[in-house]
Amino acid sequence: MALSTGLRLVRTSFSHEKSISWFPGHMMAGLREMRDQMRTVDLVVETRDARIPLSSINKQFEQIIKGKRRVVVYNKADLAPSAIQAAVRQEMDKRGQHVLFTDTSINQSVRQILTVARDMAKSDPIRYPQLVIMVIGMPNVGKSSLINALRRTGLNRGKAANTGAKPGVTRSLSSKIRVLESPPVYLVDTPGVMIPFIPDPIAAIKVALTGGIKDNIADENVLADYLLFRLNRFAGLDYCSILGIERPTDDITDFLQQLGTRIGALRQGGELDTDKAVQFFLRAFRRGRFGQLCLDDLDERSVEEFFQRSLENAPLSKNQSQKAKRAAQRQRSLERARKRKLL
């Protein structure tokens with residue numbers, strides 16, 4: 001199905017049946033470490049991506065957090081429209097989640113988290129002689145950048161956590177990082193943890209588009225096609241002027257030919273290198289060249305459908321079910337050993 005817009009056809013839906021599964025061993029190990037250390041944590045900062053406020057939710061964290069106090073931080077708010085914030089707050093408030101939006105380049109934005117931590121520590125100094133925060137989230141939502149920004153804002157010191165544009169930079173839990181002197185507040189960085197199996201293929205594409213899944217795991221051509229579909233759906237977005245191509249189109253082959261010619265993406269012999277054109281297109285989105293965009297639909301019906309489909313009844317693949325079963329068995333063995341005081 002498509003809409004006619006001038007000389008082009010614009011699809012009103014995007015179909016893709018194959019989901020993306022990426023759950024390497026360090027993520028499973030990271031989940032176990034988070035669970036083990038959670039008893040020493042006072043506050044959980046769950047970091048999500050403001051460009052995909054629904055698709056960057058990981059249901060696995062609910063089992064780990066349990067009764068801990070939590071603040072949900074939508075990071076990279078500078079890359080998403082500010083108009084979505086009220087709707088996101090409203091929907092998350094229904095689910096008992098306190099939401100903040102952050103841009104790690106702005107101290108005042110990051111200071112919101114320190115204020116929550118400071119107020120919590122001061123409310124009961126005996127209970128919190130030092131407050132420990134665990135920062136969790138999906139890959140590449142900006143956890144390490146957020147920690148560095150908190151350290152910069154709270155202590156006026158340099159970076160303490162490694163960062164990178166690709167997912168998987170942080171592969172294990174960090175030691176405690178001080179971010180506030182008085183009251184003493186410490187952070188623990190954690191590896192980004194993907195959902196073992198994302199049942200909705202379109203949600204998986206969104207996560208991959210925002211850098212949460214390695215490009216060599218995802219099909220970059222499908223990512224580019226979906227991005228073109230979304231750009232055509234955003235009213236008033238002139239991506240032709242931004243990219244310097246001649247005409248708008250809803251055909252990914254035509255689009256990549258135009259873009260490849262524009263940027264001079266050629267192989268030996270003068271053949272067009274569409275792979276380079278795809279990579280240029282994806283980088284342009286991730287660097288914010290198309291302005292502030294949100295890839296998730298946030299009307300009330302879409303949000304309710306998302307939670308029912310992706311969170312309440314999310315099935316695991318056979319392989320991931322087996323992994324989860326083995327992890328649960330290991331966890332039960334650890335708990336029995338602790339009870340017997342063997343660990």
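Colleague: Why does Arg230 count as buried?

Modeller: Arg230 has 10% relative accessibility, and buried means under 20% relative accessible area, exposed over 50% and partly exposed in between, with a 1.4 Å probe and protein chains only; therefore Arg230 counts as buried. This is a predicted model, in which local features need pLDDT of at least 70 and side-chain atom pairs pLDDT 80 or more, whereas totals for chains, interfaces and linings use all residues. Residues are numbered from 1 along each chain as its sequence is written, and side-chain values use heavy atoms, without hydrogens and water.

Colleague: Why is Asp297 called partly exposed?

Modeller: Its relative accessible area is 43%, which lies between the two cut-offs, so the term applies.

Colleague: What separates Lys94 and Glu91 in helix H3?

Modeller: About one helical turn, because they are three residues apart in helix H3 (residues 85–94). Helices are DSSP runs of at least four residues, numbered from the N terminus. Lys94 and Glu91 form a salt bridge, with closest N and O atoms 3.3 Å apart.

Colleague: How is Glu91 classed, buried or exposed?

Modeller: Glu91 counts as buried, because its relative accessibility is 5%. Lys94, at 43%, is partly exposed.

Technical notes. A salt bridge is a side-chain nitrogen of Lys or Arg within 4 Å of a carboxyl oxygen of Asp or Glu. Helices (H or I, at least four residues) and strands (E, at least two) are DSSP runs, numbered from the N terminus.
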